[in-house]
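Reader: I would like to learn how to read charged pairs and aromatic rings in a model of a protein. Could we go through them one feature at a time?

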Amino acid sequence: MERGVQRWIVDISRWTPSPTQLSIAISLLPSHEHSSIARYVNIEDKKRAFVSRLLQYALVHEMFGIPFDEINIRRTVEGKPYVVFDKVGMEFPNYNFNVSHHGNFVAIASEPFCLVGLDIISRGLRVEQTTPELINCFSSCFSSMEWHEIMSAGTSNDVLKELYRYWTLREAFVKAIGTGLGYSLAKLEFHHINWTNISVKVRGKELTDWKFWHFELKEGFYVSIARGSPSMATENYKQVLGQIECDKDAYDLWFNLPNPSFLWRSVEELTLCLD
């Protein structure tokens with residue numbers, strides 16, 4: 001069971017391909033993935049988009065031994081990626097993953113049964129708005145309790161830091177359930193003790209079958225991971241999961257699996273699965 005819980009991350013600043021080398025690397029991916037990468041003009045954006053997809057294929061290949069050209073990754077109408085498996089009764093009923101990238105870091109997290117969501121954000125995010133303008137943009141996204149915690153954080157930088165940390169938790173949750181941008185973030189309220197023992201309430205009701213981890217990956221980079229019940233998935237996402245319900249004892253086994261540290265991978269080693 002624990003083998004299905006994976007956390008991988010790539011520092012793309014360590015990979016400096018020429019435009020030609022990047023184009024060759026992109027061509028190794030399935031053709032239907034090319035357009036979503038080619039739409040980016042900036043080479044750093046292209047690198048992030050490429051590595052995001054590379055991680056998905058490399059992880060599935062390494063986990064299940066499926067030849068690269070036989071891996072079938074599709075997306076729900078909301079854009080949630082999932083793997084189409086030919087085998088019935090697999091070891092991991094709901095094997096799913098989530099990818100996030102920001103700045104130089106691109107990461108993937110997977111779970112064998114529970115839903116997983118992942119979000120990375122940099123405190124050094126360059127924005128056009130001033131702090132008050134940015135806060136105004138997020139005014140409808142947080143509860144009054146969360147706004148109190150954010151606004152009482154201290155300096156302007158401390159306020160932004162707190163805002164981003166709460167934001168990553170929201171992103172991890174909505175990405176886990178497979179919803180799009182239409183989800184009402186105001187329904188969520190996160191509670192924590194020094195960013196541990198994190199819980200979430202939806203419309204005032206605590207979700208006891210969800211847990212969250214939040215930490216600083218590198219200086220100024222914050223990561224949130226969500227793990228929770230498949231019953232919360234969107235209807236479209238439920239259609240591609242193998243198992244929605246199970247008894248409490250069985251669920252607790254999946255739910256309480258260890259959350260491993262991220263494993264640092266390089267683009268060079270990940271591309272070996274493409275050969």
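This is a predicted model: local features need pLDDT of at least 70, side-chain atom pairs count only at pLDDT 80 or more; totals for chains, interfaces and linings use all residues.

Reader: With which residue does R3 form a salt bridge?

Author: Side chains of opposite charge can pair when their charged atoms come close. The term salt bridge here requires a side-chain nitrogen of Lys or Arg within 4 Å of a carboxyl oxygen of Asp or Glu. R3 pairs in this way with E91, and their closest N and O atoms are 3.1 Å apart. Because R3 lies in the segment before β1 (6–11) and E91 in the loop between β3 (81–83) and β4 (96–102), the pair ties together parts that are 88 residues apart in sequence. Helices (H or I, at least four residues) and strands (E, at least two) are DSSP runs, numbered from the N terminus.

Reader: How many salt bridges does a search of the whole structure find?

Author: The search finds 13 salt bridges, and one of them joins R53 to E33, with the closest N and O atoms 3.3 Å apart. This pair links distant parts of the chain, as R53 is in helix α3 (residues 43–64) and E33 in the loop between α1 (19–27) and α2 (34–38), 20 residues apart. Both R53 and E33 are buried. A further salt bridge, between K238 and E235, has its closest N and O atoms 3.4 Å apart, and these two residues, 3 apart in helix α7 (residues 235–238), are separated by about one helical turn. K238 is partly exposed at 22% relative accessibility, whereas E235 is exposed at 52%. Salt bridges also link R7, E111 and R227 in a network.

Reader: How many aromatic pairs are there, and how should I read one?

Author: A pair of aromatic rings is described by the distance of the centres and the angle of the planes. Rings of Phe, Tyr and Trp (its six-membered ring) pair if their centres lie within 6.5 Å, and planes under 30 degrees apart count as stacked, over 60 as edge-to-face and the rest as tilted. By this rule the count comes to 21 aromatic pairs. For F64 and F92, the ring centres are 6.1 Å apart and the planes at 70°, so the pair is edge-to-face. F64 belongs to helix α3 and F92 to the loop between β3 and β4, so far as this pair goes a link between distant parts of the chain, 28 residues apart. F64 is buried at 18% relative accessibility, and F92 is buried at 2%.

Reader: Which rings form one aromatic cluster?

Author: The cluster is formed by F138, F142, W147, Y166, W167 and W195.

Reader: What sits over the ring of F255?

Author: A charge sits over a ring if NZ of Lys or CZ of Arg is within 6 Å of the ring centre and within 35 degrees of the ring normal. The charged end of K211 sits over the ring of F255, 4.5 Å from its centre, and R265 lies over the face of W8, at 4.3 Å from the ring centre.

Notes: Residues are numbered from 1 along each chain as its sequence is written. Side-chain values use heavy atoms; hydrogens and water are left out. Buried means under 20% relative accessible area, exposed over 50%, partly exposed in between (1.4 Å probe, protein chains only).
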